[in-house]
Amino acid sequence: MNTSFLTPVARTTLTADVCRKLVTHLVRGDWQEGDRLPAERELCRRLGVGRASLREALKALEIMGMIESRVGEGTFVCRRSEFLARPLLWSIAGSDETQVSELIESRRLMEGELAALAAERRTAADLDHIAGHILRMESTLEQADQFLEADLDFHLAIAEAAHNRILLNAVQLIRNLMRQWIMQTVQVPHTTPEALAQHRRIFEAISNCDKEAARAAMIGHLESMGERLLAARLTAGPAL
């Protein structure tokens, strides 16, 4: 692996400088998604810093969702969609109902428009992709964990079908929040069949190139599931 771009760090506040330098390399793409970072000893040598400062910087990057440590394997670069997603998730975790309501509002506004764009711009391949996730939901109605993944993938597929990279990146940024939302609501009895029926209506509108119906179906779905989310939090306590 090429590490020639690593040079010694100017010594001011060392940990912050190490962190800043590594962030620059990660954002610039010197390391790609899934790459394993050099061992700590090599990083220390290349950066001209001690192991304590390096470890503090790596810990910060892991909190930011930019890298992940795997026991016995090393430290790896996360997908760009994970960058800064963890602190966003933590900022909502245990928050009050106002903040959760703001999340519901944000998804309603953003994903409603994404559904409308998808109805206008979707390709045959996009429709096949979305339909595949509906089939997965149909086969996993009694398996909450698998239904959750299919549900999340359904929403991401619609974002992709809108063919707007900025909005897609915005959805990718909150995917962990979406996962926690779905995880909590699928525990509520009778939620999965209702969510499936709502997803079918969204898909039908997108298939028919009906922007208004797609927007309305998505908004109705998120409002319905948002009510279940708030009810679930009152019953089980904050987990989002």
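Which residues does Ile-158 touch, not counting residues up to four places away in sequence? They are Leu-114, Ala-115, Ala-118, Ile-130, Ile-202, Ile-206 and Met-218, where contact means heavy atoms within 4.5 Å.

The legends below describe a predicted model, in which local features need pLDDT of at least 70 and side-chain atom pairs count only at pLDDT 80 or more, while totals for chains, interfaces and linings use all residues. Residues are numbered from 1 along each chain as its sequence is written, and side-chain values use heavy atoms, with hydrogens and water left out.

**View 1. Overview of the chain.** The chain has eleven helices and two strands, in the order α-α-α-β-β-α-α-α-α-α-α-α-α from the N terminus. Helices (H or I, at least four residues) and strands (E, at least two) are DSSP runs, numbered from the N terminus. Of the 240 residues, 46% count as buried; buried means under 20% relative accessible area, exposed over 50%, and partly exposed in between (1.4 Å probe, protein chains only). Among contacts with a separation of 6 or more, 72% are between residues 24 or more positions apart. The chain exposes about 12000 Å², of which carbon and sulfur atoms supply 53%; accessible areas come from the Shrake-Rupley method with a 1.4 Å probe, and for residues only the protein chains shown count as cover.

**View 2. The nonpolar cores.** A nonpolar core is a set of buried Ala, Val, Leu, Ile, Met, Phe, Trp, Tyr and Cys residues joined through side-chain atoms within 4.5 Å. The largest has 44 residues, and Ile-158 and Ile-206 touch the most other members. Two or more residues each come from α5 (97-121), α6 (124-139), α7 (144-161), α8 (165-173), α9 (175-185), α10 and α11 (211-236). Helix α7 gives the largest share, ten residues. A second, separate core of 20 residues includes Phe-5, Leu-14, Leu-26 and Val-49.

View 3. In the loop between α9 and α10 lies His-190, a residue other than glycine with a positive phi near 70°. His-190 is exposed, with a relative accessible area of 68%. Cys-209 follows α10 and lies in the loop between α10 and α11. Cys-209, also a residue other than glycine, has a positive phi near 60° and is partly exposed at 46% relative accessibility.

**View 4. Ser-224 and its partners.** Ser-224 is in helix α11 and is buried, with a relative accessible area of 15%. Apart from neighbours within four places in sequence, Ser-224 is in contact with Glu-194 and Gln-198. The side chains of Ser-224 and Gln-198 form a polar contact of 3.2 Å. A polar contact is a pair of N or O atoms within 3.5 Å; within protein, one must be able to donate a hydrogen and the other to accept it, and residues adjacent in sequence count only if both atoms are side-chain atoms.

View 5. Strands β1 (residues 67-70) and β2 (residues 74-77) run antiparallel and are joined by four bridges; two strands pair if DSSP finds at least two bridges between them. Ser-69 stands opposite Thr-75 in β2. Three residues lie between the strands, and Gly-72 in this hairpin takes a positive phi near 80°.
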